[in-house]
Amino acid sequence: MTRVAAVDCGTNSIRLLVADADPRTGELTDLDRRMTIVRLGQDVDRTGRLAPEALERTFDACRVYARIIEEHGAERLRFVATSASRDAENRGEFVRGVLDILGVEPEVVTGDQEAEFSFTGATRELAGRDDLATPYLVVDIGGGSTEFVVGTEHARAARSVDIGCVRMTERHLVRDGVVTDPPTAEQVAAMRADIEAALDLAEETVPLREARTLVGLAGSVTTIAAIALDLQEYDSERIHHSRISLERVREITEWLLRSTHAERAAIGSMHPGRVDVIGAGALVLLSIMERTGAREVVVSEHDILDGIAFQVAEAAEAGQGG
């Protein structure tokens, strides 16, 4: 076993996993897994830059994570940064801040690399299950982008497209700086058209309809699962590997897109940072299911973080730096 730490910094949230990993057996034992909503991608789609307040929220979270990593005595750390920091003109400020706090430089990975990590993390423990046919289609609905990857034991084709829940909300559901509450039919239709165009792009590279099992990752999907399971508070164990039908996803999406901020905020399992963006995330998932013909989505709490952790442990076993 190697004690490793993995940080995934996305558009909406920054997440930490400290775990003992054995890459030979595929065993991963969590010691600490947590998520903080920082909205690093605030206004990036409009301005092309990371906002000073967004950077400071992210650095505050990094300071907390640095203490946790030190307390657990993790031997190796890898910090992966995704969509928002790929797009920003001032990403150098972000890189310097993370390096000062955590002692490692964030790796701004490509969408394809992000997809590979997600696939490994989500499918490693599904191998051999008779009730889940292969190939898998893993979809990771983030804040700024969604990653698609098809494969069986290994990823075969991957594509990242810019239809994350934050990006779609800011592009289509914000008027005069405020999220429309609830959105108009015209706003929803424009967002749906944008999503469908992005799915066309994804399908140029990834054979979406060939997959036999749809595996959904990240906060939008797990929140929808929590609502579908009628959880009064977020319960990771019940959510992990739950199976939510297309009909239930459609029902929840339609409700979210006609609900008010107060109604969404009253859901016990809803993280406060997702209240304004969950409708867009749900519509992305529904659109994917309708496009692929998936009758259900298998929800995974294991995703890019787990994939990063396995990679760190494999590099340690091979005697590589990190």
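**Core packing and sheet pairing**

Leu137 touches Phe148, Val149, Val150, Val206, Leu208, Ala211, Thr213, Leu214, Val215 and Thr292, residues up to four places away in sequence not being counted. The model is predicted. Leu137 and Phe148 have the most contacts inside the largest nonpolar core, which has 49 residues. Helix 12 (residues 278-292) supplies the largest share of this core, with nine residues. A second core is separate and has 26 residues, among them Val18, Val44, Leu55 and Tyr65. In soluble globular proteins, nonpolar side chains tend to be buried together.

Strand 6 spans residues 136-141, and six of its six residues are buried. In a regular strand the side chains alternate between the two faces of the sheet. Both faces of strand 6 are covered. Tyr136, Val138 and Asp140 are buried on one side, and Leu137, Val139 and Ile141 are buried on the other.

Strand 6 pairs with strand 7 and with strand 11. Six bridges join strand 6 to strand 7, and the two run antiparallel. A hairpin of four residues connects strand 6 to strand 7. Strand 11 (residues 213-217) runs parallel to strand 6, joined to it by five bridges. Here Leu137 stands opposite Leu214 of strand 11.

On the strand 7 side, Asp140 stands opposite Glu147. Glu147 lies in strand 7, which covers residues 146-151. Glu147 counts as buried because its relative accessibility is 1%, against a cut-off of under 20%. The side chain of Glu147 also makes a polar contact, at 2.9 Å, with the side chain of Ser145.

An open sheet is formed by five strands in the order 3-2-1-4-5, with mixed pairing. Strand 3 (27-37) and strand 5 (107-108) stand at the edges; each has a single partner strand, so one side of each is left without a neighbour in the sheet. The partner of strand 3 is strand 2. Strand 2 (residues 13-22) and strand 3 run antiparallel, joined by 10 bridges. Within this pair, Asp20 has Thr29 of strand 3 as its bridge partner.

Two helices contact this sheet. Helix 2 (residues 52-72) lies across strand 1 (2-9), strand 2, strand 3 and strand 4 (76-81). The angle between helix 2 and strand 2 is about 15 degrees. Helix 4 (residues 91-102) packs on the sheet and touches strand 1 and strand 4. The direction of helix 4 makes about 160 degrees with that of strand 4.

Technical notes
Residues numbered from 1 in each chain as written. Predicted model: local features only at pLDDT ≥ 70, side-chain atom pairs only at ≥ 80, totals over all residues. Heavy atoms only, no water. Buried < 20%, exposed > 50% of the residue type's maximum accessible area, 1.4 Å probe, protein only. Polar contact = N/O pair within 3.5 Å; in protein donor to acceptor, adjacent residues only side chain to side chain. Pairing = 2+ DSSP bridges. Contact = heavy atoms within 4.5 Å. Axes fitted to C-alpha atoms, helices over the stretch in contact; angles between N-to-C directions. Core = buried A, V, L, I, M, F, W, Y, C linked by side-chain atoms within 4.5 Å.
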